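Biologist: I would like to learn how to read charged side-chain pairs in a model, and I would be glad to go through them one by one.

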Amino acid sequence: MRRITIWLLSTVAALVLLFSYKTSTMGAGGETSAIASGSDGPAGSGSSWTGTDDGSGSSTGDTSSGGGTSSGGSGTSSGSGTATGSVAQTRWGPVQVRITVSGGKITDVTAVQVPDGNHRDQEINDYAVPILRQAALAAQSARIDTVSGATVTSDGYRESLQSAIDAAHLK
């Protein structure tokens, strides 16, 4: 009788954990919680934009969180260039991405930094980063799903990606 009770409690606990486990950080409105927090990481790790704009009031030249030039206010850049996102400090290490923009569209996403402290980190990121890249290119935003088994890297990737998108003044 005692074994049955323990088994039953274990099963119920496992089911509760299974159904309460969050596999995606997407909210009902499409916002991502890691992005909504607005964290820019430590000092000196802000985002930057290098490129040109079409004159719509977004940005021209080099801008960064530490200074630079910026004109206008809101608007969508349809220029070309690169934007490097801020460093997202995760529990396994820093994550940072760079986007390439052409004609106001994200044409490439490159992982500048990913956790690589051990063989398992490298294994996870070799699998997850290409999936995250493809998702970002398809979505043209940071509203991408978490890669199963790479939750921490996915969260950091989204955070840095959103920072790069903001620096490039893309919607």
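Biologist: How many salt bridges does a search of the whole structure find?

Modeller: A salt bridge is a side-chain nitrogen of Lys or Arg within 4 Å of a carboxyl oxygen of Asp or Glu, and the search of the whole structure finds three. This is a predicted model, in which local features need pLDDT of at least 70 and side-chain atom pairs count only at pLDDT 80 or more, while totals for chains, interfaces and linings use all residues. Residues are numbered from 1 along each chain as its sequence is written, and side-chain values use heavy atoms, with hydrogens and water left out.

Biologist: Which parts does the pair of Asp-108 and Arg-133 tie together?

Modeller: Helices (H or I, at least four residues) and strands (E, at least two) are DSSP runs numbered from the N terminus. Asp-108 and Arg-133 form a salt bridge at 2.8 Å, N to O; Asp-108 lies in strand E7 (residues 105-113) and Arg-133 in helix H3 (residues 119-139), so the pair ties together parts 25 residues apart in sequence.

Biologist: Where do Glu-123 and Arg-120 lie?

Modeller: Both lie in helix H3, three residues apart, about one turn of the helix, and the closest N and O atoms of their salt bridge are 2.7 Å apart.
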